[in-house]
Amino acid sequence: LACLALVAGLFDDLRADMDDRGMMRFLKGVALICLSLAAAAWDAGAAGLPLEGEMRKLSVSAERKPVAAAEFRDEKDAPVTLEAFRGKIVLLNLWATWCVPCREEMPALDRLQAQRGGADFQVVAVAQDRGGRAKVEKFLTEIGATTLTPYLDPTMKSGRTWGAAGLPATILIDRQGREVARLYGAAEWDQAEALKLIDALIAEK
């Protein structure tokens, strides 16, 4: 965006002195520069992370920044925030019972928590669901989920605070509570490519 703003300023200054062909050359050159800068930022954020298969769809943070504070409810309806998981790698997943891709993704997240959940890693799946706790717990029971805690935010304010543009949305968070990357849409989170990425994050100190 900063690059585009700079382009707009330069274009306003220079267009009076350019013919149509000159303007086209100028715009093409600037577009290439902007694309190069964007690619460099992505490479800087992705440096050292094994992004293979589906994991290449992740939007990696060029600079890791703290995830915004937002409150949701645990399995006992007590308020909780991501601060409760500080020191762990967190896969924060925002979903809803009415979201078909979310429902398809849940079994893989349950298996991921079974395989990697513990002192170093946690799947935090927060239902953005006005249907209430009974509906969320009923769905998790139906799919045979045994390891996912039924976190819930019936207000859906947490999703807005975290900048979720749609569901499902997944945000990978490092031990310091900073966003590493995010993905919109479902993924097979228990497959080899995802496990390799999560293990690399766990190995970070």
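Tutor: The account below begins with the model itself, turns to the cavity, and then takes up the other parts.

This is a predicted model, in which local features need pLDDT of at least 70, side-chain atom pairs count only at pLDDT 80 or more, and totals for chains, interfaces and linings use all residues. Residues are numbered from 1 along each chain as its sequence is written, and side-chain values use heavy atoms, with hydrogens and water left out.

Rolling a probe the size of a water molecule over the atoms shows where empty space is left. On a 1 Å grid over the protein atoms alone, a cavity is a set of points where a 1.4 Å probe fits but cannot get out, and its lining residues have an atom within 4 Å of a point. Grid points are joined across faces, edges and corners, and a volume is the space filled by probe spheres set on the points. The structure holds 1 cavity of 30 Å³ or more, and the space in the largest cavity comes to about 30 Å³. Its lining is formed by Trp 95, Met 106, Ala 125, Val 136, Leu 140, Leu 148, Thr 149, Pro 150 and Tyr 151. These residues divide into 8 nonpolar, 1 polar and no charged; here Ala, Val, Leu, Ile, Met, Phe, Trp, Tyr, Cys and Pro count as nonpolar, Asp, Glu, Lys and Arg as charged, and the others, Gly among them, as polar.

Elsewhere in the chain, Cys 99 and Cys 102 are joined by a disulfide with an S to S distance of 2.3 Å, the term requiring cysteine sulfur atoms within 2.5 Å. The torsion about the S-S bond of Cys 99 and Cys 102 is about 75°, so this disulfide is right-handed. Both Cys 99 and Cys 102 are buried, that is, under 20% relative accessible area with a 1.4 Å probe, protein chains only.

Another buried residue is Trp 162, at 4% relative accessibility. Residues touched by Trp 162, not counting those up to four places away in sequence, include Val 67, Phe 72, Leu 92 and Ile 171, contact meaning heavy atoms within 4.5 Å. Val 67 lies 95 residues from Trp 162 along the chain, yet their C-alpha atoms are separated by 7.1 Å.

Finally, the mean pLDDT of the protein chain is 87, on the predictor's confidence scale from 0 to 100 for each residue. Over residues 30–45, pLDDT stays under 50. Where pLDDT is low, the predicted coordinates should not be read in detail.

Notes:
Buried means under 20% relative accessible area, exposed over 50%, partly exposed in between (1.4 Å probe, protein chains only). On a 1 Å grid over the protein atoms alone, a cavity is a set of points where a 1.4 Å probe fits but cannot get out, and a pocket is an open set with protein on both sides within 12 Å along at least five of seven lines; lining residues have an atom within 4 Å of a point.
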